[in-house]
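Subject: Structure for your files

Hello,

The structure is below, and my notes follow it. Please read them with the coordinates open.

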Amino acid sequence: SGKAGMTLIPAWLSAPLAAHRATYVRAGVAALFTNVFALATALYSMTVYNRIVPNNALSSLIALSIGMGLVLIFDFSMRMLRGWFVDVAGRDVDAALADAIFARLVAMRLADRQGSSGAMAGLLREVEVVRELFASATLVALVDIPFILLFLLVIALIGGPLVLVPLAMLPLVVLAALAIQPGLDRLAGEAQGQGFTRQGVMVETIAGLETVKAGRAGPMLAARWQSAVASGAEAALGSRLLSAFAVQFATSAQAIAYVGTVLWGVFLIADGSITSGTLIAVSILSGRAVAPLTQVAGLLTRLSASRMALRRLDGFMMMPGEQALANPVRRSTLEGAIELKGVSFAYPGSNAAVLKDVSFRIAPGERVAIVGRVGSGKSTIARLILGLYQPTEGQVLVDGADVRQLHPDDLRRGIGSMLQDVTLFSGSIRSNITLDDPAIDDAELLRLAKVSGVQDFAGQIPNGLDLVLADRGEGLSGGQRQAIAIARALAGRPPVIIADEPTSAMDIQSENALVARLEAELAGRSFVLVTHRQAMLKLVDRIIILDAGRIVAQGPRDDVLRSLAVGGQAS
Ligand code: ATP
Ligand code: MG
């Protein structure tokens with residue numbers, strides 16, 4: 001059963017739960033007390049009706065009631081404690097799960113990314129569902145189940161055959177809850193799919209609000225939203241209806257157990273086999289015996305949604321991640337030699353080869369430009385060197401080691417990179433450049449700001465580097481964002497710099513100034529530049545021309561430029 005438990009609850013979930021084992025045991029002990037107290041209440045009523053009322057024994061009643069009062073106070077504390085234990089554990093489990101999921105997200109391979117950003121963001125909601133089930137008071141309701149036996153036993157002892165009434169109700173409640181499971185499963189699947197579409201539309205709309213407005217994309221997105229909402233609402237309504245059935249059925253069963261006991265009990269009193277005090281105790285206990293199953297019915301209705309969430313989360317948590325290798329090659333510093341050996345590549349999920357048998361070599365300290373037409377695969381080469389994707393065929397070597405074998409941290413610490421789609425984060429310009437790395441002090445920050453041209457605009461306002469940007473760097477112009485990205489790529493003085501269209505949004509003057517400053521900055525470093533801009537080519541020694549994923553020409557810069565000029569004239 002240990003093994004079955006493992007497959008039911010994956011390790012990433014069971015570990016934080018197991019860490020709180022003691023808490024759940026404590027909650028169980030508290031549950032033991034509350035159940036025994038429930039017995040006490042029933043027995044109190046029985047004693048009062050059987051002994052005190054016939055004898056008018058008021059002094060005994062007072063003593064008994066004082067005892068009962070103490071029991072109630074204690075019971076209250078126990079129930080509070082039980083809830084508190086479980087909530088504290090729930091909070092910790094929540095935090096542990098959220099951390100684990102985020103770590104996984106950051107470590108995941110880009111090739112494994114599926115669905116929209118909204119769908120990915122939906123994962124965190126799944127954590128909520130799973131946590132609710134495994135760490136909440138609902139699950140702890142299961143603790144009460146063994147006590148059903150205790151109640152039935154006591155009922156049988158004092159009420160004899162009356163125990164058959166709650167006993168008959170129990171399977172009915174369980175059957176009702178089980179009967180709706182297939183329907184719930186189906187609806188949970190539907191609701192989940194719809195929920196993701198909804199979240200996807202929402203995230204996409206918020207992120208592109210400017211374009212949505214300017215391009216009047218609103219109606220298209222609104223239509224997508226409405227269809228997602230409508231079908232999602234349908235599924236949610238269906239599953240609510242089914243759950244309500246199971247829960248209400250259980251509640252009714254509890255009432256039926258009570259009424260049935262009273263009904264039959266009257267006959268038993270008539271033929272003298274029980275007293276009315278016993279009947280009162282038994283009717284209280286039979287309701288109490290069925291009650292835990294009401295909770296279980298509620299739990300079962302949540303089970304399908306939780307199972308679905310758990311499966312999705314588990315799929316996510318079990319993805320190999322970038323550090324799949326048990327023993328990655330560690331390099332604290334890079335020399336800066338880069339080599340592509342017969343590299344072919346197609347993006348995951350597509351068959352179209354984006355790169356075809358690409359081979360070239362960049363020696364440490366060499367500066368190379370990759371040029372070519374739109375969609376020829378330049379940015380893809382940059383991504384492969386950074387290890388963001390793995391080649392389908394061939395090898396990408398950095399310092400002679402396959403990037404698949406290098407630890408991604410080492411690889412990317414050694415390669416300062418600026419990608420084509422500059423992404424800034426909310427926060428100050430300073431933290432966008434340093435990424436809050438304490439090793440980069442103010443003097444270095446200022447130097448980076450000067451080299452990249454950030455100082456040109458940030459220097460015009462006091463504390464310009466502490467200017468706080470909104471999401472994704474909103475509040476800056478395209479060229480300014482590129483300057484910040486260049487500063488970030490240079491931060492930490494990595495021996496290799498990869499820049500993908502670093503100046504595509506800059507004016508000629510800014511670009512020329514940048515080229516002049518980078519000239520000194522890049523001395524002795526390997527430099528891979530992707531560009532469409534002539535002026536930037538001053539920075540490189542060599543040019544590689546790419547066309548439709550193949551290298552069509554490469555050589556020293558001036559030779560290539562000369563042959564291009566000749567070719568251009570010829571055509
Ligand atoms: P540009 O000059 O426009 O930046 P590029 O040379 O950088 O072009 P790449 O971005 O490398 O071109 O893209 C090469 C090809 O790969 C394109 O045909 C593009 O459709 C495809 N592609 C790019 N990124 C992806 C991706 N994430 N998934 C699938 N295909 C992609
Ligand atoms: Mg590109």
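**Sheet, helix pair and metal site**

Strands β4 (residues 393-398) and β5 run antiparallel and are joined by two bridges; two strands pair if DSSP finds at least two bridges between them. Strands (E, at least two residues) and helices (H or I, at least four) are DSSP runs, numbered from the N terminus. Leu 397 stands opposite Asp 402 in β5.

This is a predicted model: local features need pLDDT of at least 70, side-chain atom pairs count only at pLDDT 80 or more, and totals for chains, interfaces and linings use all residues. Residues are numbered from 1 along each chain as its sequence is written, chains are lettered from A and ligands numbered from 1 in the order in which they are written, and side-chain values use heavy atoms, leaving out hydrogens and water.

The open sheet has four strands in the order β2-β1-β4-β5, with antiparallel pairing. At its edges are β2 (353-362) and β5 (401-402), each with a single partner strand, so one side of each lacks a neighbour in the sheet.

The magnesium ion (ligand 2) is coordinated at 1.9 to 2.1 Å by Ser 379 (OG) and Gln 420 (OE1); donors are N, O and S atoms within 2.8 Å of the metal (3.2 Å for Na, K and Ca), and sites may look incomplete because water is not among the atoms. Ser 379 lies in helix α13 (residues 378-385), and Gln 420, 41 residues apart from it, in the loop between β6 (415-418) and β7 (427-428). Ser 379 counts as buried because its relative accessibility is 15%, while Gln 420, at 38%, counts as partly exposed (buried is under 20% relative accessible area, exposed over 50%, partly exposed in between; 1.4 Å probe, protein chains only).

Regards
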